[in-house]
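I opened my notebook to look through this structure step by step. Here is what I looked up.

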Amino acid sequence: MTPDLECLNLVKKFGATTAVDNVSFDVPPGSFFSILGPSGCGKTTIMRMIAGFLDPSSGDIKIRDRSVLNTPPNKRPVNMVFQHLALFPMMTIAENIGYGLRRNGLPKPEIARKVDEALERIGLPGIGNRKVDELSGGQKQRVAIARCMVLEPDVLLLDEPLGALDLKLRERMKVELKALQAAFDTTFVYITHDQSEALVMSDQIAVMNHGRFEQIGTGRELYYRPDSAFVAGFVGDSNRWAGEITRVDGDGLEIRTDSGLLLRGASHGRVLSVGEKAQIFVRPEAIRIAHDAGELDHFDNRMTGRVTSLLFNGAASRIIVQDPEGREEIEVNLPQSGEFAGLARGAEVQIGWSGAQGNCFAAGGH
Amino acid sequence: MRTQAKLGLFLLLSPLLLWLTLLILIPHVDMLLVSLRERIGVGQYQTSLANYFTFFSEPLYLRTFVRTAVMSIMATAITLLIAFPVSYYIAKMARGRVRSALFLLCLVPFWVSELVRTFGWMILLRETGVISKLLQYLNLTDGPVELLYNDAAIMVGLVYTSMLFMVVPLVTTLESLPDEVIEAGYDLGGNGLSVLREIVIPHAMPGIVSGCIVVFMLSLGNYLTPTMLGGKDSLWFTELIYSQFIVRFNWELGAAFGFMLLILSSTIVWGMLKLTGQSLEKTMG
Amino acid sequence: MIPSIPQSRFLTASYTAYIALFFIFLALPLVVVAVFAFNDSQFPSLPWEGFTWNWFFGAERPMIGVFNERPILRSIGTSAFVAVFVSILSVGVGLSNAFLFNRYRFPGQGVLYVLMLLPLVIPGIVLGISILVASSRAAEGLWDLAQWDVDALRPGLTLVILGQFSFVATISTLVIAARLQKFDQTLEEAALNLGANRLTAVRTVTLPYLMPAMIGAFVVAFLMSFENFNTTLMLVGSDAPLTIAMFDRLKEGSTPLLNAVSLLLMLVSSGLALIMIFAQRRT
């Protein structure tokens, strides 16, 4: 199957700085593709190049196998939901949605019919005569998507459209966006700096940093098998230590952190050798907590620690445990079974985790 | 606390009321009263509409009145047409330093007296002026050409003098149009013309209206430019008012003229606001 | 039609050319005025007779420079005198109005606001004659009533100041109100919370914040007054401000002396404008 969108060796330079550095990817039809990265990583630049508002310095952009580099933005079969939505405040909702159809010279009755259909589809029938500023944030969001979808684009680009919404609404819109994508059955390319948006909605996620793609994969792959220290640090929370490799056997290894803690980790196929500086990442939820050391026998990392802080946060509650010598603080997820509900500051606990959960990367790469 | 608030309100209200009553309301009422009296003997007056009858029955007055109105509207339209692309360029095309510099350059001529600007055009346009000399030098004409003292010269002067008052509100409103919205217009298939018509101009409407109102007012009430640049036949209505007041000392007729000018300007301003659905507070305040 | 939208080269080039032409149009009259101030000739026109400073410093007929031309110097003084008064009055009233419309809610406020804007849409010459008519009727009234002759009500500088103030006040109100609108009132509350009384809070917190706008309003008022022609023309008495004096001379025929005065005006105005811009940029 030909991909809906294909970017080949895309490069964009602004003077001496390289905003996008040799990025290639393709997006299969009907999928939800996200580009995730911190602000300034170049993700907006990629999106603007796809939409046609920037010319790449080199490389190619193909939509359904045809290069669009020489196609002006108003002729490209892609549409964009802008960061601040860019709904036209001087027009009604119906005029907003019908804008592109009018440009295509459709007869008036057909425009009206399509607009009504679109409003129906986004669950806002009958609001066509309202003004843009009469809508709520979530409604505007849906109108902005409908305005693009009536044109049946090959690819819909979304530029952090949830950024301006408050937290509760953002959570709801994530689910809704995914549902809309399924309903319209269109390829979505979504950029965001919010990992949870990317993880929840996407089929594929590209993690971007300093103009390059660090890794492309499903949310699960990025989360559990990060390819680089940047991805490990950027996606999800991690305990993170720097140290030196002291022993390597196969995929497993041993690392002594700078503060002297000896931990077991895994290289997951990366080449690491004894004496090399490295970083190790361990997710708080990968660490088990127990009252009795015997329960943790099957883990190759075990220690007795003292609780220094309780971070109550509902389902995401954590504790911070200090190792016996007081060298490191380790964040550990609190199980929700109620077993540790009575835990107090200063209590002694046993913690342990499997070495395979400790992702190691050579230091200095990023 | 309440009495203190009342005292504060009273203290702040009094300068405003004094200003508006003594310098705006009472003078205009007085002007109306004077325009409504007819001199029937030395120091004897009676109330009548005689001055307004004179205005409507004398073709010179009426013609000048209409001419002034029409030319002011034309000057406003021309100023808008010239200023819009410039304002758009400053607000949306230029970036950073260039933008501030261009905007500042637009303002500079208007920190200088209108008299100086008009004087500049006289030096350029008159028979012995720079342009006439240039045309002769280029052998485009045989002898000196008089470009001054005609309606076109008035038009140039009015447009030049009003330019700032069109550019500033236009730049301000156009700047407030996010690039994103223009890009969305293109992204959804629009071209330059349709984006201009459906997005840029509707957005700029408050600026267009306030610019047009001010420019129209300034043109209508201008005295200097028509006097200096206009010819014998291009009489401006303000010149009639001046001559009734200062030369002929016929204040009654002059006041009636003043009132006609006020009515004309109010009507057109009001019409402009109604036509575009704007309000005075929104466009001026 | 913004930089991110690709445009044909021809279109971009013609647009840029148009902008260049526009700025030439703007500069042209001012440049010729400035250049001919240095022409060693009796007339501000071609041919160029050579460079001279005489129209500034000359002391002998027929080339008496600005700095030796008594009537012109006096009229500059008159203009400055009027402008200072108009500016002080306008900034004072503007400040009071800004507080009134920003801080108080009272019946009839909307109407008053529109009334306050009206002077902007009244032709200057009408403002002038209406004040002329009203003041002379007041003078007649006072004479009839008490045989009292009030000089200030006859055409002259007092009326010129009042006439200019009548519309400049609107502009200074708008300038100051715009900044007061942006003021975060919790700052004043913080001052109250820290022990200041209301007046002290305004004096120590709000007024310093408004200072750039007040300076701006003062400069704008000064320039508008200095340049005003229409209103002044109707109200002027025997002491002519600069614009009126120049107008009278221009009617008689111009000499490069007027160019020299104009050039000085340009320099001073631009200087003032720059001061204002810097005053506003610092905050």
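Entry 1, confidence. I began with chain A, which averages a pLDDT of 88, with 99% of the residues scoring at least 70. (pLDDT is the predictor's confidence in each residue, from 0 to 100.) This is a predicted model, where local features need pLDDT of at least 70, side-chain atom pairs count only at pLDDT 80 or more, and totals for chains, interfaces and linings use all residues. Residues are numbered from 1 along each chain as its sequence is written, while chains are lettered from A and ligands numbered from 1 in the order in which they are written.

Entry 2, elements of chain A. Helices (H or I, at least four residues) and strands (E, at least two) are DSSP runs, numbered from the N terminus.

Ala206(A) has Ile216(A) in β10(A) as its bridge partner. With 2 residues between the strands, the hairpin has His210(A) at a positive phi near 50°.

I noted 70 residues from chain B and 70 residues from chain C in the contact (C-beta atoms, placed from the backbone, within 7 Å). On the chain B side, helix α1 (residues 2-35) gives the most, with 15 residues.

Methods. Pairing = 2+ DSSP bridges. Contact = placed C-beta atoms within 7 Å.
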